[in-house]
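Hello,

Here is the structure I promised to pass on. Please open it beside this message and follow along. My notes come after it.

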Amino acid sequence: MKIGVRFCGGCNPRYDRGEALDIIRKSKPNDEFVHAVEGEEYDMLLVIGGCTNCCASFDHFNSLAGVEKVWSTEHIPELLEEIEIARNRICNPE
Amino acid sequence: MLMTGEQYVESLRKLKTRVYMFGEKIDNWVDHPIIRPSINCVKMTYDLAQDPQYVDLMTAKSSLTGETINRFAHLHQSTDDLRKKVKMQRLLGQKTASCFQRCVGMDAFNAVFSTTFEIDKKYGTSYHQNFINYLKFIQKNDLIVDGAMTDPKGDRALAPSKQRDKDLFVHIVERRPDGIVVRGAKAHQTGSINSHEHIIMPTIAMGEDDKDFAVSFACPSDAEGLYMIYGRQSCDTRKLEENADIDLGNKKFGGQEALVVFDNVFIPNDKIFLCGEFEFAGMMVERFAGYHRQSYGGCKVGVGDVLIGAAALAADYNGANKASHVKDKLIEMTHLNETLYCCGIACSAEGYPTQAGNYQIDLLLANVCKQNVTRFPYEIVRLAEDIAGGLMVTMPSAVDFRSDLKVGKDGETLGEVCTKFFAAAPTCTTEERMRILRFIENMCLGASAVGYRTESMHGAGSPQAQRIMIARQGNIEAKKELAKAIAGIK
C-alpha cells in the first residue's frame, strides 16, 4: 500500500515522531510510506501527532481507506493491525 | 516559492545593507562572528519549513495566492492559524534557544492588512491594495521583513510634533507626486540587519498635530539613505575570541537588535500604507502590539523549554537530581513556562475576524499573556541559576581547561587541574558540565539574556503598556454588577 504520512508540527512532542515512523516502516517493509503531498492519492493517510492534541492538518489530502492517527508509541501495534484491515478492504472490496 | 536556509543566507549577500558596529562599517556582515548566530536563527525558519516533521506548523496556504508559503508570511485565516502561529514560535524557540526575529514581520503583516482596509473604507485611499501587492511580493519570494515600530521617542512627556528634535519619531519631511521622503529612526529593531525589507509603523496613537508622524510604509533594507547601528549584547566579544566554543554557551544561535536610521529615504506611493490619517495610528499600534504580545506566549516558552532542560541536565551533572527541592524547582519552572503557553493559546483560541477578513487575537488575553512574560522568565532564570550553582559564572575559561601549561608540583597542566577540580557526577565529563553551565549563563545573563530577559520585559511594550490595555479591556463595570446581583444591591 502507498501510505501518505503527515506529521504534526512538533511544537512539544512527547516522543520522537520520526523514530516512530521508522518503527512503523520497518514493521511494514512491503508498504510504501511517503510524506503526504496535496493532489496525490494514497491508500491510507497516517497522521503522526506529538501529543494528544494531534493537531496536524490533513483535510486537503486524499486517501482511499481513510485516516489513521497516532500520538503515542503505544498506538503503533493497533496501527499495524489497522493497516492490515485497510489492505484487506482495498484488495477485497465488497 | 519557499527558499532553503542556504538560499536565504546567500540572498543576504546580495543586499547592500549599511551596517556599523564598534565605530566601523561592516562590509561582510553575513559572516561576521557577532552577527552570524542571529542569521542562523532566521535560517532555521527556512530550514524547518523544508522538513516534513515541521511543515504543518511552518507553512500555510496563502489567502492571497493559494500557494504554499512560510507561515511567517501568512495572514491568519482562523483561530487555528493563530494557535499554529504560537506553536510554530514555541518550536523555533526550542530549536534556537534565542530570538529568531521573524515574528515582527508576521505581526506587522497582519496589523497593517486589517488597518489599511479600515483606512481605505473611511478615506477611499488605496493603502490596502498597496499592501496586498507588497505582501504577494514578499510571499512569492519568501522574504524576511522587519516590522519596525519603536521610535527613539525622546522626551516621553511630549507628543512627536512637540519634540525639540523631530527626528526622534519617523516622519514625513517631503511630499512629492510620486512618493514621500521620510526621516528619523527606529530603535531596538530585532532582526533588522537580517531582513530583506522593512515595514515601518507608527509607535503611538497620534493627534492632528502629529499628521506627519502618522506614517507607515515598506522599503528595502538597503534603501538609499537607510543604515543600521548594531546593538551590542552582554558578553558579545566572546564571539571574537579565537576558537570560541564552550565559553559562548550557545555557539550557533543568537538574537540581534539595531538602531535603524532613515536619513531622508524616498518611499514610492505604492509602498505607502498610512500617510497622515493620524486617527488610525493608534489602531495599527494596538493591533501590532496585540499580535506581538501573543507571540511571546510561544517564542519565550520554547526558549524556556530549553532552559528547563539545561537546568535539569545541570542537576544531573552536579549529582543533585534526586534532591526533592531540585525536583520541585523544575516543576515550578515547568508550571510557569506552561502558564505562558496557556496564555498564548488562549488569546489565539478566542480570536475573531477583522473587517478585512484576517484573524485578530483576543486583546485582553494577549495583554495578560505578555504581562506574565514580563515576570515569569525572570523567575525561571532565578530557579535555573539556583539549580546550576555559582560555577556558571566563576569557572575558568575554556582555554584554561585545554591548556598544557605545567603548573603543578608534579607537572600537572592547567587543563588537568581545572578538569580535576570541576569534575562532578560520573554520568558526565567535566567538559559536558562546563558546556551546560555556560549554556545556562548565556541564557540567564549572557548574549541570549537580551532575548529571554530584557526583551521579555520591554519587547512588544513595557509592562505598563499591558496594564493600560488590561484596564481598558477588563470589564470592571460588569464585574461590579455581578457582585451587586449576588450581594442583593440594587
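**Where chain A meets chain B**

The contact between the two chains takes 12 residues from chain A and 11 residues from chain B. Keep in mind that this is a predicted model. On the chain A side, the elements that give two or more residues are β1 (2-7) and α1 (17-27) of chain A. Sorted by class, that side of chain A has four nonpolar, six polar and two charged residues.

**The two domains of chain B**

Now turn to chain B. Its domain assignment gives domain 1 (5-280) and domain 2 (286-481). The C-alpha centres of these domains of chain B are 25 Å apart. They touch each other, with 45 residues from domain 1 and 45 residues from domain 2 in the contact. Look at the domain 1 side first. Two elements of chain B give two or more residues to it: α4 (79-96) and α5 (103-123). The largest share, 13 residues, comes from α4(B). By class, the domain 1 side divides into 17 nonpolar, 18 polar and 10 charged residues.

**A sheet in chain B**

Next, find the open sheet of six strands in chain B. Its order is β2-β1-β10-β11-β7-β6, and the pairing is mixed. Which strands stand at the edges? They are β2 (24-25) and β6 (171-176) of chain B. Each has a single partner strand, so one side of each has no neighbour in the sheet.

Strand β1 (residues 19-21) of chain B is joined to β2(B) by two bridges. The two strands run antiparallel. Try to find one pair yourself: B:Tyr20 has B:Lys25 in β2(B) as its bridge partner.

**One residue to look at: B:Gly191**

B:Gly191 is in a loop of chain B, between β7 (179-190) and β8 (197-200). Is B:Gly191 buried or exposed? B:Gly191 counts as buried because it has 25 C-beta neighbours inside 10 Å. The cut-off for buried is 20 or more.

What does B:Gly191 touch, leaving out residues up to four places away in sequence? Its contacts are B:Ser38, B:Val42, B:Gln101, B:Arg102, B:Val104, B:Asp146 and B:Gln256. B:Gly191 and B:Cys343 are 152 residues apart along the chain, and their C-alpha atoms are separated by 25 Å.

Best wishes

Methods: Residues are numbered from 1 along each chain as its sequence is written. Chains are lettered from A and ligands numbered from 1 in the order in which they are written. This is a predicted model: local features need pLDDT of at least 70, side-chain atom pairs count only at pLDDT 80 or more; totals for chains, interfaces and linings use all residues. Two residues are in contact if their C-beta atoms, placed from the backbone, lie within 7 Å. Helices (H or I, at least four residues) and strands (E, at least two) are DSSP runs, numbered from the N terminus. Ala, Val, Leu, Ile, Met, Phe, Trp, Tyr, Cys and Pro count as nonpolar, Asp, Glu, Lys and Arg as charged, and the others, Gly among them, as polar. A residue is buried if 20 or more other C-beta atoms lie within 10 Å of its own, exposed if 12 or fewer, and partly exposed in between; C-beta atoms are placed from the backbone. Two strands pair if DSSP finds at least two bridges between them. Domain bounds come from an automatic or database domain assignment.
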